[in-house]
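Please open the model in your viewer and keep a selection panel at hand. The stops below go through helix packing and then pockets.

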Amino acid sequence: MTVCTGNICRSPMAEVVLRDRLERAGLADRVVVDSSGISDEEDGNPVDRRAASVLREHGYEVPRHRAHRITPDELGQRDLLLAMTSRHARWLRTQAPDEEAAGRVRMYRSFDPAAPDLDAVADESDLDIEDPWYGDRHDFERTLEQVEAAADAIVEHVRGLLR
């Protein structure tokens with residue numbers, strides 16, 4: 001599960017990209033990818049039109065989406081929770097039902113081979129994917145670049161979990 005604030009920009013963009021990459025890797029029938037937010041402020045809303053536009057222009061199919069806040073059950077049931085920012089990661093860890101679930105929270109960009117190594121940064125915020133909602137088209141393009149940069153390594157990580 002990919003997780004951001006309202007579940008209308010970053011996390012659905014990451015969900016779409018990961019589904020595409022998992023399908024290409026032949027793993028789509030073995031992995032469920034979904035997304036959520038830590039807030040309910042956008043509950044029921046579709047993917048932000050700017051995010052959808054950028055995804056489509058880069059060849060991705062954008063399925064129907066309804067934003068929702070992550071539930072306690074989802075927190076406990078997901079094998080991997082991919083946070084878009086350190087704030088999201090902290091929230092997920094504090095809300096997790098147990099330490100095992102908290103340990104399944106990872107920063108999305110920690111899988112990007114070009115991103116700073118977590119051992120070399122002051123804190124996880126160096127791996128944040130900034131919220132494009134307040135910006136313009138360039139910000140959505142940048143978000144997609146960051147999401148795509150980590151996607152293949154996430155697929156390989158998931159492949160390892162399936163063994």
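Begin by selecting α1 and α2, whose axes come within 10 Å and cross at roughly 20°, the axes being lines fitted to C-alpha atoms, for helices over the stretch in contact, with angles that run from 0 to 180 degrees between N-to-C directions. That makes α1 roughly parallel to α2, a label for angles under 35 degrees, while those over 145 count as roughly antiparallel, 65 to 115 as roughly perpendicular and the rest as oblique. The helix labels follow DSSP runs numbered from the N terminus, with H or I over at least four residues for helices and E over at least two for strands.

This is a predicted model, in which local features need pLDDT of at least 70 and side-chain atom pairs count only at pLDDT 80 or more, whereas totals for chains, interfaces and linings use all residues. Residues are numbered from 1 along each chain as its sequence is written, and side-chain values use heavy atoms, with hydrogens and water left out.

Now show side chains for M13, V16 and V17 in α1, which meet A51, V54 and L55 in α2; contact here means heavy atoms within 4.5 Å. The residues of this contact divide into 6 nonpolar, no polar and no charged, where Ala, Val, Leu, Ile, Met, Phe, Trp, Tyr, Cys and Pro count as nonpolar, Asp, Glu, Lys and Arg as charged, and the others, Gly among them, as polar. The crossing of α1 and α2 is right-handed, meaning that the near helix is turned clockwise from the far one by less than a right angle, anticlockwise being left-handed.

On the α1 side, select residues including R10, M13, V17 and R21, and on the α6 side residues including F140, L144, V147 and V158. By class, the contact of α1 with α6 has 12 nonpolar, 1 polar and 4 charged residues.

The contact is made by R50, A51, S53, V54, L55 and E57 of α2 and R137, F140, E141 and L144 of α6.

Which residues lie nearest the centre of the largest pocket? Select V31, V32, D79, L80 and V158, from a lining of 17 residues. A pocket, on a 1 Å grid over the protein atoms alone, is an open set of points where a 1.4 Å probe fits, with protein on both sides within 12 Å along at least five of seven lines, and lining residues have an atom within 4 Å of a point. The elements that give two or more residues to this lining are α1 (10-24) and α6 (137-162), and α6 gives the most, with 5 residues. By class, the lining has 13 nonpolar, 1 polar and 3 charged residues.

Finish at the second largest pocket, where T5, G6, E41, D131 and W133 lie nearest the centre among 13 lining residues. The lining of this second pocket divides into 5 nonpolar, 3 polar and 5 charged residues.
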